[in-house]
Amino acid sequence: SVHRCKRISGFPVLESFQREARSRPLRDTMKVTAAQSWRLLAVYALCLWSSNQLTAAAEAESPGRAGVIEVSPLGHSSSWKLSRTLLADAPDAEPGDPSSKSDSVKKRPKKEKTKSKIVEFAPEAEVENGDDLDADGKCKNEISTECGDVEQGEGKLADCLSDAISEMEGGGQGAPVISDECREDVYKYKISRDANINKNIPLAKACKDDAIKFCNVTWFFGYKAGQVTGCLRDVVDQVSKKCQKQVFKLQQDAAEDFRADPMLYEACKGDSETLCKDEKPGGGRVQACLRDKRMQLTWACEEQLFRQEMENADDIRLSVRLFNKCLPDKRQFCKDVEPGHSRAKDCLEEHREELSAPCKEEIDAMIERRVHDFRLDSRLRKSCENEIFNLCAYFGDLDDIDTYDSSVINCLQDYSADMDNEDCKQQVGKYMELAASDIRFDVPLAEACYDDRKKWCATVPPGSARVIRCLTRMRPKLSPVCRATLFDEEVRFSENIDFQAPMKAACSAEIDQFCHDVPHGDGRVIRCLQDAKDEKDFGKGCRVEVSAYEEEISKDYRLNYRLRTACESDVAALCPMMCTSGDAFDTCGGKVLRCLTDKLDDIKDEACTKEVTYFEKMEVSNFKNDVILAEACREDVESLCAHVEAGEGRVHKCLRDNRNKLSETCRKEELRLEEKEATSIELNVGLLRACKAERRLFCKAVSSGSARVFRCLAENMNDADFGSTCRYQVLYKLQRRQANWKLDPPLRKACREDVAKTCATADAKDSEDSSVYKCMIGAYDTLSSGCQKELGRAVHMAFFAWAPGAPLTADCDDDINRLCLAKRASMAKRPGAVGSCLATILERQERSGGGASSLLRRVLRELTADGPSKTAPRTLSDKCAVLADIAEPPNRKAAFDSSLTFAALAAQLEGVGSVAGLSLTDKDRRGNVRGVSLTGWVAMLGMAALVLLVLFGVFMLVKKLRGGPDTSGYTMVVKQQHK
């Protein structure tokens with residue numbers, strides 16, 4: 001609230017406050033202690049109690065003097081914002097009668113003109129009114145109302161009115177009114193005194209020694225108006241504190257009116273008259289107009305304008321238009337931030353999205369000028385000086401507009417990861433964050449895509465990365481230069497959540513909840529959000545942004561920062577030239593990612609393997625993350641699964657449920673993805689979710705990969721504690737393996753070479769009818785031992801999970817129904833029961849039929865013939881017998897352990913038999929040794945050896961039963977321990 005009060009004397013606290021307030025710009029913020037604030041408020045209470053007059057003591061001290069005191073809280077009980085505008089009332093006027101003001105002006109004696117030559121090397125100056133305005137001149141009324149208690153001299157009246165003019169420029173309730181004649185009088189006075197240091201008495205007194213030290217060059221170059229004051233502005237960081245205070249006033253004057261800067265006025269007078277003739281002087285309006293029309297300026301004017309902008313860059317109070325428009329925002333968001341050293345500007349930048357529209361417009365314009373010329377940011381200039389000259393090879397002058405280079409900030413961004421200077425890295429990161437959020441702050445992208453933006457995104461407002469996203473969506477239609485630059489910037493922005501403006505804004509709560517301890521950079525926070533996106537408390541908006549990010553990085557491995565850095569050497573070794581020359585400015589369409597996933601086993605870098613595996617998880621979770629599959633199945637998804645929400649493998653399941661309706665290209669892509677899923681349970685979304693408890697209970701110590709966890713689950717499937725949901729998923733996967741041999745990872749690894757040599761034609765079709773299995777079975781004798789073993793295991797598991805009509809075991813369906821299920825129909829519901837039944841029947845058939853080897857050979861011939869042979873009622877058909885015979889024993893480990901000693905004996909007998917020309921072993925139809933065969937004299941020798949062995953055993957037994965030690969040839973010594 002505003003109350004008009006007479007001037008109070010006798011209150012030291014208030015007098016001290018008044019003196020301090022006069023030394024600060026109007027509307028500046030002052031901090032006082034709690035005790036001081038209570039004393040000030042006590043005085044303020046007196047004003048409320050008597051708004052027409054003060055105490056008798058105050059009236060006697062200074063009759064007829066009045067003022068305005070504004071008191072408003074800053075949000076803390078011990079901090080108040082106080083500003084003053086002094087008024088004058090006639091002692092005999094009615095309170096509030098404005099007609100009485102002109103009669104109460106303090107009578108000031110007329111001051112004579114004087115000569116001033118405080119700084120010897122500057123011209124002598126003639127000073128009027130004690131270096132101040134004429135109190136009876138054009139500002140007489142304003143002086144009486146706004147500066148009634150201000151003494152004349154050394155520019156005090158001019159400073160008082162300048163504060164009032166600034167308050168009027170800012171607008172607001174209660175702002176003073178200054179006439180145009182008075183404004184112009186104030187400006188002309190300051191223009192005149194700032195041209196010669198000796199006309200500015202406070203400046204000359206405060207800066208005399210500094211001027212002699214730094215600016216005494218007139219003996220060589222001669223004197224020029226504004227030369228010394230301009231020099232002091234250039235060296236303001238090196239002069240004394242009292243001189244800095246006066247130089248700052250110079251800068252304020254010049255920032256308000258360009259005519260107060262002699263060098264700027266001389267250079268830009270013609271341009272201002274031509275381009276900005278309608279602009280009212282003051283308020284920094286002419287400079288703002290000239291900057292808006294920079295391309296039309298003369299070189300000299302542009303240079304001086306740039307020089308002033310650099311000088312004023314540190315302090316928000318010197319950016320007049322910005323300060324006036326952002327003062328309310330500064331009070332709201334940056335009330336405790338002291339001006340200077342770009343602190344207030346940086347604070348407003350941090351709150352860009354919360355600022356009022358006029359302030360945000362000015363802040364954005366300031367940032368846009370900075371990104372075009374780094375020298376306008378003093379903090380960046382100082383923090384990154386070494387990097388600017390060394391990393392970016394900048395050879396220009398930091399203060400010369402001739403050496404303008406818009407590429408320096410872009411260069412610093414390119415090398416930010418290599419910087420050791422944390423302060424510089426922080427400043428550069430700020431610019432990268434700005435560039436990622438607004439195309440206006442990304443100079444290379446804005447210039448490269450200027451025409452494309454007008455053509456495709458003209459209606460999209462800047463900010464929040466909206467224009468960048470629009471260009472990304474229109475990527476195929478962009479010009480090559482725009483497309484290349486856009487891709488480069490996307491690669492750059494992939495490193496940090498801070499450069500992903502929409503995601504960061506949408507996920508602020510999730511970052512605090514799930515990733516508050518995760519440091520920014522190197523894609524760590526983004527990965528944390530990816531890991532947590534399926535959590536129950538994860539917000540939908542954030543999930544949408546994370547999913548959109550995953551879709552984008554799936555288009556090219558270079559957009560995936562973590563994968564790109566981890567796999568650099570492996571990409572060069574395994575996937576060279578995957579991106580053609582045309583892809584240099586565009587995405588590779590997932591070709592390198594496809595190459596890396598196909599050659600996962602060949603990747604050498606462990607970090608790369610980890611990142612590629614993580615990408616595979618993204619693929620199986622959301623079909624959009626596999627750009628090649630997404631394109632191949634686009635029409636299938638639209639026609640069959642349009643109602644299915646992407647994510648958690650739902651679309652993949654829908655496509656596979658409609659496998660018979662898929663296009664050939666889509667079917668093959670889904671089959672290829674299924675091959676990946678079979679490798680690790682981590683990639684199988686449905687199985688992973690259904691078997692979470694079973695994995696923890698039965699396979700806790702089994703590491704993922706090479707289908708080890710799946711095999712463990714299959715082996716424990718008949719356990720009573722095994723859940724029905726998980727059992728269903730395991731059985732389904734076992735049955736799916738029969739469709740194509742590549743869905744069985746161990747078999748795929750063991751038989752790769754055999755299939756390439758024997759069954760390449762069938763494999764090339766990528767069919768799902770077990771054609772490669774049947775080819776390998778038909779060529780069983782030619783397969784390598786490792787392939788034979790894995791094929792036997794695969795056939796055994798097919799019988800373990802038998803279902804009618806399964807492609808691999810279809811040849812046994814009739815036999816199973818006739819010989820197994822006819823007796824016990826429930827056998828089909830218990831995994832492994834059908835396989836055991838067939839094994840029993842086969843064993844019985846071999847024992848009774850004889851000539852098993854000839855049977856196998858006959859059946860293998862019939863697999864390629866026109867029809868099967870007739871079978872006996874209680875025996876297996878020929879084709880089923882072969883399948884049952886190839887199937888490995890159910891308990892492979894037990895069979896292996898029991899055969900170790902026999903295998904060693906069989907090997908020795910084989911060696912002896914080959915030397916003696918005898919057959920000492922009995923083999924089955926596969927050629928495996930299953931017993932010892934002794935005939936003729938070899939049998940006689942064996943029997944004799946057996947008799948001798950029995951006699952020797954009887955002798956040793958009798959000897960042991962007789963007892964007593966054998967003392968022959970020995971001396972017995974008995975020792976006894978003494979008790």
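I began with Cys334, which counts as buried at 1% relative accessibility, where buried means under 20% relative accessible area, exposed over 50% and partly exposed in between, computed with a 1.4 Å probe on protein chains only. Before going on I noted that this is a predicted model, in which local features need pLDDT of at least 70 and side-chain atom pairs count only at pLDDT 80 or more, while totals for chains, interfaces and linings use all residues. Residues are numbered from 1 along each chain as its sequence is written, and side-chain values use heavy atoms, with hydrogens and water left out.

I then looked for the partner of Cys334, and found that Cys334 and Cys347 form a disulfide with their sulfur atoms 2.0 Å apart; the rule asks for a pair of cysteine sulfur atoms within 2.5 Å. A disulfide is a covalent bond between the sulfur atoms of two cysteines. The link of Cys334 and Cys347 is left-handed, with -95 degrees about the S-S bond. Cys334 lies in the loop between α14 (320-333) and α15 (343-350) and Cys347 in helix α15, so the pair ties together parts that are 13 residues apart in sequence. For the element names I noted that helices (H or I, at least four residues) and strands (E, at least two) are DSSP runs, numbered from the N terminus. Cys347 also counts as buried, at 8% relative accessibility.

How many disulfides does the rule give? The count comes to 24, and I looked up two further pairs.

The sulfur atoms of Cys759 and Cys775 are 2.0 Å apart, and these residues form a disulfide. The torsion about their S-S bond is about -90 degrees, so this disulfide is left-handed. I placed Cys759 in the loop between α41 (745-758) and α42 (760-764) and Cys775 in helix α43 (residues 771-778), so the pair ties together parts that are 16 residues apart in sequence. Cys759 is buried at 2% relative accessibility, whereas Cys775 is partly exposed, with a relative accessible area of 25%.

Cys820 is joined to Cys837 by a disulfide, S to S 1.9 Å, and the torsion of about -95 degrees about the S-S bond makes the disulfide left-handed. This pair links distant parts of the chain, with Cys820 in helix α45 (residues 813-821) and Cys837 in helix α46 (residues 833-849), 17 residues apart. I recorded Cys820 as buried at 1% relative accessibility and Cys837 as buried at 13%.

Which residues of helix α39 (residues 708-715) are buried? I listed Val709, Phe710, Cys712, Leu713 and Ala714. What covers them includes α37 (685-690), α38 (692-698), α40 (724-737) and α44, with contact meaning heavy atoms within 4.5 Å.

I followed α44 (residues 785-800) to helix α48 (residues 878-886), and their axes come within 8 Å and cross at roughly 115 degrees. Axes are lines fitted to C-alpha atoms, for helices over the stretch in contact, and angles run from 0 to 180 degrees between N-to-C directions. The two helices are therefore roughly perpendicular to each other; angles under 35 degrees count as roughly parallel, over 145 as roughly antiparallel, 65 to 115 as roughly perpendicular and the rest as oblique. Gly792, Val795 and Phe799 of α44 make the contact with Leu883, Ala884 and Ile886 of α48.

I also looked at helix α5 (residues 156-170) and helix α6 (residues 180-194), whose axes come within 10 Å and cross at roughly 125 degrees, and which are therefore oblique to each other. Residues of α5 including Leu161, Ile165 and Met168 meet residues of α6, among them Val186, Tyr187 and Tyr189.

Ser464 has a phi near 55 degrees, a positive value in a residue other than glycine, and sits in the loop between α22 (450-456) and α23 (466-473). Is Ser464 buried or partly exposed? I recorded Ser464 as partly exposed, with a relative accessible area of 32%. Ala465, found in the loop between α22 and α23, has a positive phi of about 60 degrees although it is not a glycine, and Ala465 counts as buried at 7% relative accessibility.
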